Amino acid sequence: EQYGYEILNNRNFEWLSFNKLDLKILNNSKEFLFSGSYEAENSGIEPMDVYFFVQCKVLGISFNIEKEEFYKELLAEAYKFYLEGTYKIAYFLLFSAFESYINYKLQSHDEQKRLSEKINELCKNTFGDILKHQIYTSCIGDFKCFETNRNTIAHGKESISIDQEGVSKVLIFVMVFINSIEHSISTFEELI
């Protein structure tokens with residue numbers, strides 16, 4: 001930066017190119033190790049004057065996630081696929097996590113009821129009159145569309161396109177419902 005080159009603001013460096021870069025994760029020391037080389041052509045900068053700083057996003061999933069309730073593991077996996085851009089799998093896993101959560105709360109894994117009936121039962125058990133529950137009445141209308149998309153993916157009857165926005169919608173739906181039930185929240189104001 002002291003020579004006027006700001007990588008964050010100017011990503012087009014004609015004078016700088018990276019050769020193969022490798023990333024190693026050192027679990028014991030909890031570090032990332034980047035290794036590789038670069039080539040640069042600039043008369044004003046000496047190789048010893050160049051330092052690279054890497055900004056990266058890290059998704060941490062608990063090592064012991066398998067010991068938690070199964071729906072939590074599914075949520076973590078779904079979010080990982082969402083970040084990777086594998087939207088169909090993320091969508092399917094999110095919906096599966098939601099179904100697993102409903103069954104976990106009702107202890108109804110072996111019951112042969114429609115999921116929509118189980119959702120209604122869980123919400124009635126938690127809140128009583130669900131017609132006065134703002135979150136339920138505002139969000140449940142989207143459930144049928146989510147379920148249809150999930151079934152299309154699961155049964156492979158036809159091709160379906162799921163994009164980032166579609167996954168974001170089902171992610172918000174699932175997280176809002178789970179938080180609403182877990183914390184006995186009835187309105188969006190309480191959720192925030």
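F173 and F177 sit 4 residues apart in helix α6, about one turn of the helix. Helices here are DSSP runs of H or I with at least four residues, strands are runs of E with at least two, and both are numbered from the N terminus. The model is a predicted one, where local features need pLDDT of at least 70 and side-chain atom pairs count only at pLDDT 80 or more, while totals for chains, interfaces and linings use all residues. Residues are numbered from 1 along each chain as its sequence is written, and side-chain values use heavy atoms, with hydrogens and water left out.

**Exercise 1. Describe how the rings of F173 and F177 are arranged, and say whether each residue is buried or exposed.**

Step 1: get the rule. Rings of Phe, Tyr and Trp (its six-membered ring) pair if their centres lie within 6.5 Å; planes under 30 degrees apart are stacked, over 60 edge-to-face, and the rest tilted.

Step 2: apply it. The centres of F173 and F177 are 4.9 Å apart with 50 degrees between the planes, and the pair is tilted.

Step 3: check the accessibility. Buried means under 20% relative accessible area, exposed means over 50%, and partly exposed is in between (1.4 Å probe, protein chains only). F173 has 5%, so it is buried. F177 has 2%, so it is buried too.

**Exercise 2. Find out how α2 runs relative to α6, and which residues meet.**

Step 1: take the axes. They are lines fitted to C-alpha atoms, for helices over the stretch in contact, and angles run from 0 to 180 degrees between N-to-C directions. The axes of α2 and α6 come within 9 Å and cross at roughly 15 degrees.

Step 2: name the arrangement. Under 35 degrees counts as roughly parallel, over 145 as roughly antiparallel, 65 to 115 as roughly perpendicular, and the rest as oblique. α2 and α6 are therefore roughly parallel.

Step 3: list who touches whom, with contact meaning heavy atoms within 4.5 Å. Among the α2 residues that meet α6 are Y87, Y91, L94 and F98, and the α6 side includes V170, F173 and F177.

Step 4: sort the residues. Ala, Val, Leu, Ile, Met, Phe, Trp, Tyr, Cys and Pro count as nonpolar, Asp, Glu, Lys and Arg as charged, and the others, Gly among them, as polar. For α2 with α6 that gives 14 nonpolar, 2 polar and 2 charged residues.

**Exercise 3. See how α3 (115-127) packs against α6.**

Step 1: the angle is about 35 degrees and the axes are 10 Å apart.

Step 2: I119, L122, C123, T126 and F127 of α3 meet F177, S180 and I181 of α6.

Step 3: there are 6 nonpolar residues, 2 polar and no charged.

**Exercise 4. Locate S108 and decide whether it is buried or exposed.**

Step 1: S108 lies in the loop between α2 and α3.

Step 2: S108 has 2% relative accessibility, so it counts as buried.

Step 3: apart from neighbours within four places in sequence, S108 contacts I102, N103 and K118.

**Exercise 5. Sum up the whole chain: how many helices and strands are there, and in what order?**

Step 1: count 7 helices and 2 strands.

Step 2: from the N terminus, the order is β-β-α-α-α-α-α-α-α.

Step 3: of the 192 residues, 31% are buried.
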